[in-house]
Amino acid sequence: MVKPDSRTPHPPCLSDRPTPRWARGLGLLACLSLLGSSLVACSGGRSLKHHLFGHTAPSARANTGIVVADEPQAALVGRDVLARGGNAADAATATAFALSVTLPSRASLGGGGACLVARPGQPAESISFLPVDGTGTGGDRPAAVPMMARGLFLLNLRYGSVQLGDTIDPAITLGQQGITVSRQLASDIAAVQGPLLSNEGMKALFSRGDSGVAIREGDQLTQPRLTSFLSRLKLVGVGDLYTGALSDVFVTQANKAGAGLTRDDLRRSLPGQTSALHFTSGPYRLSFLAPPADGGLGSAAAFRQNLRAENVISAWRRSGRTSLQEGQIFMASGQSDATGLPPLPASTSFVVRDGHGLSVGCVLTDNNLFGTGRLAGSTGVVLAGAPHDYPRPLLSAAMLEAPHKRMQAVLAASGQNDAAQSVADALRQLAQGQAIAPSTGTGQLNSIVCSGDDCVGQAAPNGNGLTAHTITH
């Protein structure tokens, strides 16, 4: 929808504790629209010090946090959470909700993903909320059960420092006041423009008025239906989508779009939390996303055995194994399948680190570019593709730590078949004392590398993302 002139405020926070000052400031992200398209291909940025953001108190640390994401406006949302005192999990949750507005082609609330999280000095954990198949019948375009909100709830519950609703506020504002269409979103629309705009709901959302011409980079886009959906999640809670009245609404609207979902599908589909895949290599401790997000397994084996990550995953999937314990054993087995994998679905990644050392790397997916190519009606949510209709994407994130060298790194990648390999290649370069080189394939790597207290973020050179720092001088 073309951005209207009128703007209405979103509902107030109904949290059972006072909303922190930094979260109240996040309700005023209108200045993001002033950024235009000039930042979409950038790899670094500083606070604009816009008055709507309020005053940010000086920090004792020169670098209090970094967010690196494939979509600039979402990266800036995460950055401003950090700047106002939120931790890395708060920033990651806010970034993911923002991506559901700014990059619904890859990170819709109808999809899912996985996150790797580690507190300083503690083992990393893997949180998986991959899209799963529905069990309904009669749908002509089967959709996945929406797992994003439940996964982000678990991330917030386990590691966050504020109410979940506070991290949804920026996404509400972006949907309501409008986003500037980024280069990444415009590129995704252009890639599937014909079939995408053949659906009336998608055409109404992603075309210029009644012209039928797809929106382009730099256009303004508002999403009032998605805004209302996000507001409901904030005010009533994520549980409403899975066990409450919103579940009825979502299933009804999704099934009108051929989704084939039931209320039981939403009720019983839960995210998982396990230890990360891990091993040591010389002075380095390495951690990876654990199955069922098996891209981490591919990265681990590629680094450890010098194998091709895609071929390792092909062998793993053919084996029928699924558990973390089996993954730990398989990682060291040297098994590989030269046939590789079929073309894989699109995804998007981001990494976050705060000034206290909490690190998060996430990869999100709709199981296909724009999922099923349809919206769940009045909810405004892009429906992700049912897993049984598409190959599973490679979701890979990793962390490297060398305590004696005071070195840490968090990495995550998209890029279909090359995603896991790009993570392994970057880890090998770091372990050899080299800087991370641009990926040679389609993998798009986002990274944060720290030496002592000095941290540097890098957005994928072959992507359209942004590195956003919270800098006090």
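## Two helices side by side

At what angle do helix 10 and helix 12 pack? Helix 10 (residues 224-236) and helix 12 (residues 245-256) pack at about 155°, and their axes are 11 Å apart. Axes here are lines fitted to C-alpha atoms over the stretch in contact, with angles running from 0 to 180 degrees between N-to-C directions. That makes helix 10 roughly antiparallel to helix 12 (an angle over 145 degrees).

Who does the touching? Phe229, Arg232 and Leu233 come from helix 10, while Ala245, Leu246 and Phe250 come from helix 12; contact means heavy atoms within 4.5 Å.

## About the model

This is a predicted model, where local features need pLDDT of at least 70 and side-chain atom pairs count only at pLDDT 80 or more, while totals for chains, interfaces and linings use all residues. Residues are numbered from 1 along each chain as its sequence is written, and side-chain values use heavy atoms, leaving out hydrogens and water.

## The whole protein

The protein has 17 helices and 17 strands. These are DSSP runs numbered from the N terminus: helices are H or I with at least four residues, strands E with at least two. Of the 473 residues, 60% are buried, meaning under 20% relative accessible area with a 1.4 Å probe, protein chains only.

## A look at Gln184

Gln184 sits in helix 7 (residues 183-191). Gln184 is buried, with a relative accessible area of 6%. Leaving aside neighbours within four places in sequence, Gln184 is in contact with Asp70, Leu103, Arg106, Gln444 and Asn464.

Note on methods:
Parallel < 35°, antiparallel > 145°, perpendicular 65-115°, else oblique. Buried < 20%, exposed > 50% of the residue type's maximum accessible area, 1.4 Å probe, protein only.
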